[in-house]
Amino acid sequence: MFQFIFDALIRSVDLALIAVALSAVYSLIKFPNVALVQYAVVGAFVAMSLHTAGLPLLLAGLLSAFFVGLLAVVFNILVFERLLKVDSAIALIGSLALSMILSAVFLLTYGPTAYRFKLEVTPAMRVLGARITDHQITTLIVTAISLGLFALILFRTSLGREMRATATNGVLAAATGIDTRRVTNVVVFLSGMLAALGGITLAMRGSVSIDLGTNMLLPVFAAAILGGLGNALGAVVGAIVIAAAETVVTNTNVGPLVGEDLYFLPASYAPVASFAILVIFLLFRPRGLFVSEVSRV
Amino acid sequence: MFDFFIHVASIACLYGVLALSLNLQAGFTGLVNFGLIALFGCGTYGAALASGMGWHPLLGLPAGIAMAALLGLFYARLGRKLSSDYWGIATLSIAEIIRISITNEQALTGGAQGISGLPLLFAGLKPYDGMARLALYVVVLALVWLFCQRLVKSAFGLSMKLMREEPQLARSLGYDLDRIRRVVMLVSSAIAAFAGFLYAHYLTFVGPDQLVSPETFLIWSMVIIGGVANNRGVIAGAFLMQFAMAYVPFIKDALELPTDFVAAARLIIVGGGLLAFLLWRPKGLFPEKVGGSNGR
């Protein structure tokens, strides 16, 4: 049982950083940026290259996150600011196109193989019967610190107040003297950093390959929409729900339902659980679990 | 080489039909559907169903269209409450759910290996069967194009465009937006399933790999590059993209590039093409003709 909870927790942590990034950006620029999941892959690849070049892991991770943050701002200025002038759906298609280009760049620079960090593998600890590895602990700590810092910025600084003001009513915020464009780009920068950290922690515990981003896309979206797109910390709860659902689907014996003693759904059905939750939510509760700052027609 | 040309042209015709279907949804009505490939899949698996059950191959067509109609209605139902970007994500998720289920339900769908051995169309006309098929596809493409032209120039077509441009105005004028969405989805789903049916009997093989989401984005690139809401344009886009994709391996061989180049170049053609056109020529190669639809 504890193993189950721990598995779900780790999975939710995987999703949470990127989902929070997605939601935070959405609150300001009103379109779901698909390319964020690819920023996570960029973060993992860059951190891995820096680590291989001899930098300590912490420094490599931070540098990579900083780089991805800058990259996110550059793309936002060059591509998305222009596309958003037309329509948010156009910007969504643009972010899909950007994801494909990034995939191609990964393919050309790293090839289709999966890469791993060169880290020492320590035997798993046993806590209450659950197997827990060092890297899982590190992931939890990194995620907790980054989300904590993000929440601090959002709720305790004047920058955070400006962000929330811009998200709630951009025109009014601009009228009160807030430089909304700067605020937006700061949030884009932070979201890039969060996504990169998410990618790095994922790669630390497994591997990074070019399809990591596309595999993460729908679960991350499901988490963000479940929490209410635009409600950054709601995405954390969304991630927990999605992770729990995925873990339940693959760990539940559905034998009695199909007339057999023991029957488990294949692990490839795990994403189906998250997509199905997403679709059901969009059908019945399109604004997510929590009322977000964004209202839709 | 000539056979290869015929092959690419045939595929381009079928993708042209798909692009026309997406154009009805996205171009004229403003429905951002990222799950189009699942509607196409209804057609291919309809053909596979007929073959698996030992029915007459033609019965696969109504089966596929019926499945596509149901799925299209479900998409339309989802679209009632959602704005376009949410709907895009929802349709993408449904298409992925369907693809993953097909891959896993080995007994029903043949799983990842798919179903092969479907009857090839005009197999008896060898060696001119390829030409015969291409001729049929050209006729089909022309008929679908004619139908789409008639549809978008009709009064209903005007209401589609009104829904795209000013949904609130359309509603205030008494248009039933849910009905428009339903009809558009039904019609375009049937068209997509028809393309899928022909495709299945062309490749004689049906599998979940044909239904991955990049295929949807490829069709999107045809619509955006060809010209949103211009039926002739999206057909041109379909031919342009299919030929560009098909000749990438030759460039690779000529320049002796590594094999990863092919996949990467295709991603760049689709992604880069989409992005470049969205940024610099959002109306596409053949922009939509506004007004001037004579008579109506």
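1. Let me start with the transmembrane annotation of chain A. The unreviewed UniProt entry places the feature "transmembrane region" at residues 57-78, 90-115, 136-155, 186-204, 216-243 and 263-284 of chain A. UniProt positions follow the numbering used here, feature names are shortened, and annotations may be inferred rather than shown by experiment. The model itself is predicted: local features need pLDDT of at least 70, side-chain atom pairs count only at pLDDT 80 or more, and totals for chains, interfaces and linings use all residues. Residues are numbered from 1 along each chain as its sequence is written, while chains are lettered from A and ligands numbered from 1 in the order in which they are written.

2. Residues 136-155 of chain A are 100% helix and 0% strand, with end C-alpha atoms 28 Å apart. For residues 216-243 of chain A the figures are 75% helix and 0% strand, and the end C-alpha atoms lie 12 Å apart. Helices (H or I, at least four residues) and strands (E, at least two) are DSSP runs, numbered from the N terminus.

3. Helix 8 of chain A is mostly covered, as 20 of its 26 residues are buried. Here a residue is buried if 20 or more other C-beta atoms lie within 10 Å of its own, exposed if 12 or fewer, and partly exposed in between, with C-beta atoms placed from the backbone.

4. Leu217(A) sits in helix 9 (residues 212-226) of chain A. Leu217(A) counts as buried because 24 other C-beta atoms lie within 10 Å. Leaving out residues up to four places away in sequence, Leu217(A) touches Val34(A) and Val37(A); two residues are in contact if their C-beta atoms, placed from the backbone, lie within 7 Å. The C-alpha atoms of Leu217(A) and Tyr110(A) are separated by 20 Å, and the two residues are 107 residues apart along the chain.

5. Now to the nonpolar core. The largest one has 200 residues, and those with the most contacts inside it are Ile18(A), Ala19(A), Val20(A), Val220(A), Leu18(B) and Ala19(B). Helix 1 (residues 2-29) of chain A supplies the largest share of this core, 16 residues. Such a core is a set of buried Ala, Val, Leu, Ile, Met, Phe, Trp, Tyr and Cys residues joined through C-beta atoms within 7 Å. Beyond its neighbours within four places in sequence, Ala19(A) has contacts that include Val220(A), Ala223(A) and Ala239(A).

6. On to the interface: 34 residues of chain B are in contact with 39 residues of chain A. Helix 4 (84-104), helix 10 (213-226) and helix 13 (260-280) of chain B are the elements giving two or more residues to the side of chain B that touches chain A. Helix 4 of chain B gives the most to that side, with 14 residues. By type, the residues on this side of chain B are 21 nonpolar, nine polar and four charged.

7. Chain B as a whole has 13 helices and two strands. Its radius of gyration is 19 Å, close to the 19 Å that the globule rule gives for 296 residues, so chain B is as compact as a globular protein of that length. Of the 296 residues of chain B, 51% count as buried.

8. Thr44(B), in helix 2 (residues 36-53) of chain B, is buried, with 30 other C-beta atoms within 10 Å. Not counting residues up to four places away in sequence, Thr44(B) touches Gly196(B), Tyr199(B), Ala200(B), Val206(B) and Gln210(B). Thr44(B) and Phe194(B) are 150 residues apart in sequence, with their C-alpha atoms 8.5 Å apart in space.

9. Finally, please check two backbone angles. Thr204(B), although not a glycine, has a positive phi of about 60°; it lies in the loop between helix 9 (177-203) and strand 2 (205-206) of chain B. Glu256(B) has a phi near 55°, again positive in a residue other than glycine. With 7 C-beta neighbours inside 10 Å, Glu256(B) counts as exposed.

Terms used: Ala, Val, Leu, Ile, Met, Phe, Trp, Tyr, Cys and Pro count as nonpolar, Asp, Glu, Lys and Arg as charged, and the others, Gly among them, as polar. The radius of gyration is taken over C-alpha atoms; the globule rule is 2.2 Å times the number of residues to the power 0.38.
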